[in-house]
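Here is a friendly briefing on a protein chain and some of its helices. Take a look at the structure first, then read on.

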Amino acid sequence: MRDKLYFTLTLFWIVAFSVFVTILLSIPLFSLDIIWENLSKISGFSFNILMKNYGYLMRYLLNPFAGKLKMPNFPDSYSALIHFSEVKNLFLLVLTICIVFAYFYWKFQKDRISFLFKNGIKFAMFLPVLLTLVVLLIGFDNFFIAFHRILFRDNTWLFNPETDPIINVLTDNFFMYCFIIFGIIYEVLLGTLYFRKSKK
């Protein structure tokens, strides 16, 4: 029973940690995306201004003491602020899981419990492959819409470019790259557990 609990909480930790690292890596990723998608031309703002505003956004999303989002060059509608507030709550939940469940991941590795759950780990590693097939079948746009409908209870995530111009630089490609990064981190962490040798 204890081992099953450790396995379950370890999976939660791996998902949360993969999300958190992806969030951090989104900062250098966004800087690259500015270049790749010529976002300065699209938005009318320089590279430095775009990075500055993204920095404001990330500080708001990751700082539990940040009261209200206010980017210097991008206004936000009331519905957009509600959505960013919901995203902030999810980010802080992810961070909490990373901290609280880290012990169980450590114990899972230290006691080599992973050897007892080879099939479970293999199944968890297969899930991103299955998800990738679904994305290829329905397209990333449809997947992204379904993802938001599952995760959020309202339609505040449907930004209007006129009132929420930040959506012009947070492109579908950018979020697709984030999903890919998450998948890589997730698979590496599970693969590390799967290929560990049994306790002697």
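This is a predicted model: local features need pLDDT of at least 70, side-chain atom pairs count only at pLDDT 80 or more; totals for chains, interfaces and linings use all residues.

Residues are numbered from 1 along each chain as its sequence is written, and side-chain values use heavy atoms, with hydrogens and water left out.

**Two of the annotated stretches**
- Residues 6-30 are 100% helix and 0% strand, with end C-alpha atoms 35 Å apart. Helices (H or I, at least four residues) and strands (E, at least two) are DSSP runs, numbered from the N terminus.
- Residues 126-151 are 96% helix and 0% strand, and their end C-alpha atoms lie 22 Å apart.

**Helix α5**
- In α5 (residues 102-110), F104, Y105, K107, F108 and Q109 are buried. Buried means under 20% relative accessible area, exposed over 50%, partly exposed in between (1.4 Å probe, protein chains only).
- These buried residues pack against α1 (2-36), α4 (78-100), α6 (118-138) and α8 (172-194), where contact means heavy atoms within 4.5 Å.

**Helix α7**
- The buried residues of α7 are F140, F143, F144 and H148.
- The buried residues of α7 pack against α4, α6 and α8.
- On the face turned away from the buried side of α7 sit the exposed residues R149 and I150.
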